[in-house]
Amino acid sequence: HQMQLLVPDAAAAEALGEIRARAAARGVPAVLVSTKRFAGQAELIGFDGRGVSIAVDFPRRAGSEALAADLDALTIALGARPNLAKDSRLPRAVAEATIPGLDAFRARLAAFDPARRHRSALSERLGL
């Protein structure tokens with residue numbers, strides 16, 4: 001699995017500690033964790049804004065789905081923003097709770113492609 005979150009600056013240290021603790025509790029090693037500072041402006045569904053990007057890679061094995069669900073809950077609790085392109089299993093409810101521009105994007109997409117000719121697994125999962 002790979003997940004990438006844009007966490008508010010004030011919550012970055014807490015996020016990293018929680019990721020480590022939750023991975024240990026589930027017995028799933030976080031094999032790669034990387035961070036990068038962001039200073040852009042969030043629009044629609046793009047992965048941009050102010051804060052710290054935290055990317056987490058972990059193996060698919062027993063406990064990994066539970067860890068992903070734990071990290072989804074952490075994303076919501078910290079007011080973080082997930083990267084839709086880096087998480088192939090992100091649930092619709094998490095996207096709706098964390099991406100303020102999702103409804104506006106849906107409206108623009110519906111106006112641009114009313115027949116829904118351009119679809120993907122992502123668009124189906126997120127109701128785009």
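Predicted model: local features only at pLDDT ≥ 70, side-chain atom pairs only at ≥ 80, totals over all residues.
The side chain of R106 makes a polar contact of 2.9 Å with that of E96. Beyond its neighbours within four places in sequence, R106 touches R92, E96, L126, G127 and L128.

## The sheet

Four strands make up an open, antiparallel sheet, ordered β2-β3-β1-β4. The edges belong to β2 (32-39) and β4 (81-82). Each has a single partner strand, so one side of each lacks a neighbour in the sheet.

Helix α1 (residues 12-26) packs on this sheet. The helix touches β1, β2 and β3, and its direction makes about 10 degrees with that of β3.

Six bridges join β1 (residues 2-7) to β3 (residues 50-57) in antiparallel fashion. Within this pair, M3 of the model sits opposite V56 in β3.

## Nonpolar cores

The largest nonpolar core holds 19 residues. V7, I19, I54, F58, L67 and L71 touch the most other members. Two or more residues come from each of β1, α1, β3 and α2 (64-78). Helix α2 gives the largest share, five residues.

I19 is in contact with I54, V56, L71 and L74, leaving out residues up to four places away in sequence.

A separate core has eight residues, including L84, V94, A95 and L128. L128 is also one of the contacts of R106.

How values were computed:
Residues numbered from 1 in each chain as written. Heavy atoms only, no water. Pairing = 2+ DSSP bridges. Contact = heavy atoms within 4.5 Å. Axes fitted to C-alpha atoms, helices over the stretch in contact; angles between N-to-C directions. Polar contact = N/O pair within 3.5 Å; in protein donor to acceptor, adjacent residues only side chain to side chain. Core = buried A, V, L, I, M, F, W, Y, C linked by side-chain atoms within 4.5 Å. Buried < 20%, exposed > 50% of the residue type's maximum accessible area, 1.4 Å probe, protein only.
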